Amino acid sequence: MAKDKKHNTEIVTKPQWFDGESVTIPMLQILKEDGSFHKGADMPEYDKDLIVKIHDTMQFIRTLDERMIAAQRQGRISFYLASRGEEAESVASAAALDDGDMIMGQYREQGALAYRGFTVEQFMNQLFSNEKDLGKGRQMPVHYGCADLNFMTISSPLGTQIPQATGYAFGQKMDKTGKCTICYFGEGAASEGDFHAALNMASVYKVPVIFFCRNNGYAISTPAQGEQYGGDGIAPRGIGYGMKTIRIDGNDVFAVLRATQEARRLAVEENEPVLIEAMSYRMSGHSTSDDPTGYRTREEEDDWKVKDPLDRLQKWMMNEGWLDKDHVEEHHAEVKAKVLAALKEAEKVPAPHIDELINDVYDEPTPLLKEQLEELKEHIRKYPDAYPKTSGRID
Amino acid sequence: MAKMNLLQAINSALDLAMAKHDNVYSFGEDTGGFGGVFRATSGLTEKYGKHRNFNTPLVEQGIIGFANGLASQGSYAVAEIQFGDYIFPAFDQIVNESAKFRYRSGNEFDVGGLTIRTPYGGGIAGGHYHSQSPEAYFAHTPGMKIVTPRNPYEAKGLLLSAIFDKNPVLFMEPKRLYRASTGEVPEEEYTIPLGKADIVKEGTDITVLGWGAQMEMTEKAVEKAEEDGVSCEVIDLRTILPWDVETVTQSVLKTGRLVISQEAPITGGFASEIAATVQDKCFLYLESPIARVSGIDVPYPLCHEKEYMADHLKIYEAIKRSMNY
């Protein structure tokens, strides 16, 4: 598996130090903040249908986020994580992939899942952890997963999915599937040991994996620059592992499309792992449990508002005649109504049956687990009022 | 049948598993062409190619993270951690990821094809970091299976079951017995069920329970006790998680006495779990306190290894104390 590459190190006779700025990586931008293209920019493959689908998905996610943050504030769901400001990253990168490619995410990539076709009902069922949730109500909100859509179930521990993506892609390569794996993570997660393990192994094994880092400036309250890392962000690390690397404007749908399309080609046709560092800004709080006013300024947030990925795309689409103000408003109202209807519906669906508590720990419940469930049921029968979710339909 | 030591039996199981399915992969530090520091994977690269049996970079969390991903893709991933003592960097991947993969996804995804092989245990002058028995750390983890064999026959049958079991399995190999334990082993494929304890010898006066390398100590102690006229029922637990409560409690209901031996330190060791469960289920039948013969609560020592180990004399004394209670 090791490639034949000799250490051809040039010899110098005076100390020659390389500092953190020996390599500085530029940022690919195609669509300017004013909604026009850079002259001579290298364009991705796209057509109107694709761009409209990307736009509509971004708007859906933004609307879903707004509504569900409100629902959390009203105490209707326990927790939520928005992706405001980063919708272009997940949606446009998913648009550059084949539907058969595996997606492994961190938790702020619901846009990729929506692009693949996860329905508003499916989102709601997970958020309300009801009996229609594919995850059987076991994980916190926003921990989505769907085998049919090749979207690996999200887990909370940061960075764990990164070496898993390397392993998954290894299997895809060995099985000659012609598919790849994309793995999303934030710049904070890139400080975990699993990031190092994953990129190094991917480079050694030459597997078809796209590491997609969302550098949004903050890991909860910790600013990226100076407190998460001392170097030039995440991108130079890819070079250190011997990997093709690019930095892009994560708020530019066209830059994300262009880079991910090329990354996919490199991954699938040449078995080259690729690192993409997408620069963006987490416009919302980290989660509904976080208030960003405690650690950053209104001015900084305003600076980023003018770079908003959805506004930028809409400006361009309007110039192009692919979108008009009325459509935006109509579409927004339509999506809002759909989200609200689905919310009200999902809220009414009961929790999964208590028997689901012991299923899927193993492929079959063990004798000890069955015994523990029976004891629990006996207890619930004794105190039905204390366990209203299950006591009504225990047998 | 062929005479094999425990390493050869493991090598034979890997060989048969890899022959059976193209998507069985074996990997770890130095496990490639070199065949592993204990030679458990020797010959596999020559036979199945460098893409089926290969080296990994030196990173345990990466090995298990990679293995989780590969297993979730539908392959059989047989990962080696060079020593059980070095499994802790992968603790997060095992406990938070492997063990919960199926449950958290509602069975949308699983890593049932994962097997983690690791040499464990003392008695080889390995000091702190080449001697540990970490089973109890993992036994507190719903979703994992933990298996350890006592001899070459058991090793091959249990490993073949572990590789093709639909759940992630931690397979702990008693390295003290790698070459010391030999026996007749079928050359063809066979399996031994997981989750089933083995009654090695029937008896009526006392139940003596252990697993892995500790079974050798246990059997020696029992021989001595039987010379004194004590009829011992000897049980090899084989699977630590999920463990065979039924077989163990049935035995204690019959004998009324239980001695459990383990290599690991006593506090928080798996013997404590067994003792608590047995006293709960067999309270009225117990004739004496349940005895745990263990390592003491210190890091695994070098110069005092002999004193530290839960050897046959300590087990023998525990049997006598129980009988004379």
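In this predicted model, the lining of the second largest cavity is made up of 6 nonpolar, 4 polar and 3 charged residues. The points below cover the cavities, the pockets, the interface of chain A and chain B, the backbone and the annotated domains.

**Cavities**
- The count of cavities of 30 Å³ or more is 5.
- The largest cavity has a volume of about 70 Å³.
- Chain A lines the largest cavity with A:Met104, A:Gly105, A:Met152, A:Thr153, A:Ile154, A:Ser155, A:Thr160, A:Gln161 and A:Gln164, while chain B lines it with B:Glu97 and B:Arg104.
- Sorted by class, the lining of the largest cavity has 3 nonpolar, 6 polar and 2 charged residues.

**Largest pocket**
- The largest pocket holds about 870 Å³ of space.
- Its lining has 34 residues, and A:Thr366, A:Leu368, B:Leu241, B:Pro242 and B:Trp243 are the closest to its centre.
- At least two lining residues come from each of α13 (367-382) of chain A and α6 (135-139), α9 and α10 (270-281) of chain B.
- The lining of the largest pocket divides into 14 nonpolar, 12 polar and 8 charged residues.

**Second largest pocket**
- The second largest pocket contains about 340 Å³ of space.
- Of its 19 lining residues, B:Gln132, B:Ser133, B:Tyr137, B:Ala264 and B:Pro265 lie nearest the centre.
- Two or more residues of this lining come from each of α6 and β13 (258-265) of chain B.
- β13(B) has the largest share of the lining, with 3 residues.
- By class, the second largest pocket is lined by 10 nonpolar, 7 polar and 2 charged residues.

**Interface of chain A and chain B**
- The contact involves 45 residues of chain A and 44 residues of chain B.
- About 3700 Å² is buried between the two chains, and 62% of this area is on carbon and sulfur atoms.
- The interface has 1 salt bridge.
- The salt bridge pairs A:Glu371 with B:Lys281, with the closest N and O atoms 2.7 Å apart.

**Backbone**
- Most residues other than glycine have a negative phi, and most peptide bonds are trans.
- The peptide bond between B:Leu241 and B:Pro242 is cis, with omega about -10°.
- B:Pro242 is placed in the loop between β12 (239-241) and α9 (245-255) of chain B.
- B:Leu241 and B:Pro242 are also among the residues closest to the centre of the largest pocket.
- A:Lys136, a residue other than glycine, has a positive phi, near 60°.
- The loop that holds A:Lys136 runs between α4 (120-127) and α5 (161-174) of chain A.

**Annotated domains**
- An unreviewed UniProt entry annotates residues 57-354 of chain A as "domain: Dehydrogenase E1 component".
- Residues 57-354 of chain A are 47% helix and 11% strand, with the end C-alpha atoms 35 Å apart.
- For chain B, the UniProt annotation "domain: Transketolase-like pyrimidine-binding" (unreviewed entry) covers residues 4-180.
- Residues 4-180 of chain B are 35% helix and 18% strand, and their end C-alpha atoms lie 10 Å apart.

Methods: Residues are numbered from 1 along each chain as its sequence is written. Chains are lettered from A and ligands numbered from 1 in the order in which they are written. This is a predicted model: local features need pLDDT of at least 70, side-chain atom pairs count only at pLDDT 80 or more; totals for chains, interfaces and linings use all residues. Side-chain values use heavy atoms; hydrogens and water are left out. On a 1 Å grid over the protein atoms alone, a cavity is a set of points where a 1.4 Å probe fits but cannot get out, and a pocket is an open set with protein on both sides within 12 Å along at least five of seven lines; lining residues have an atom within 4 Å of a point. Grid points are joined across faces, edges and corners, and a volume is the space filled by probe spheres set on the points. Ala, Val, Leu, Ile, Met, Phe, Trp, Tyr, Cys and Pro count as nonpolar, Asp, Glu, Lys and Arg as charged, and the others, Gly among them, as polar. UniProt positions are given in the numbering used here, feature names are shortened, and annotations may be inferred rather than shown by experiment. Helices (H or I, at least four residues) and strands (E, at least two) are DSSP runs, numbered from the N terminus. Contact means heavy atoms within 4.5 Å. Buried area is the accessible area (1.4 Å probe) that two parts lose on being put together, summed over both. A salt bridge is a side-chain nitrogen of Lys or Arg within 4 Å of a carboxyl oxygen of Asp or Glu.
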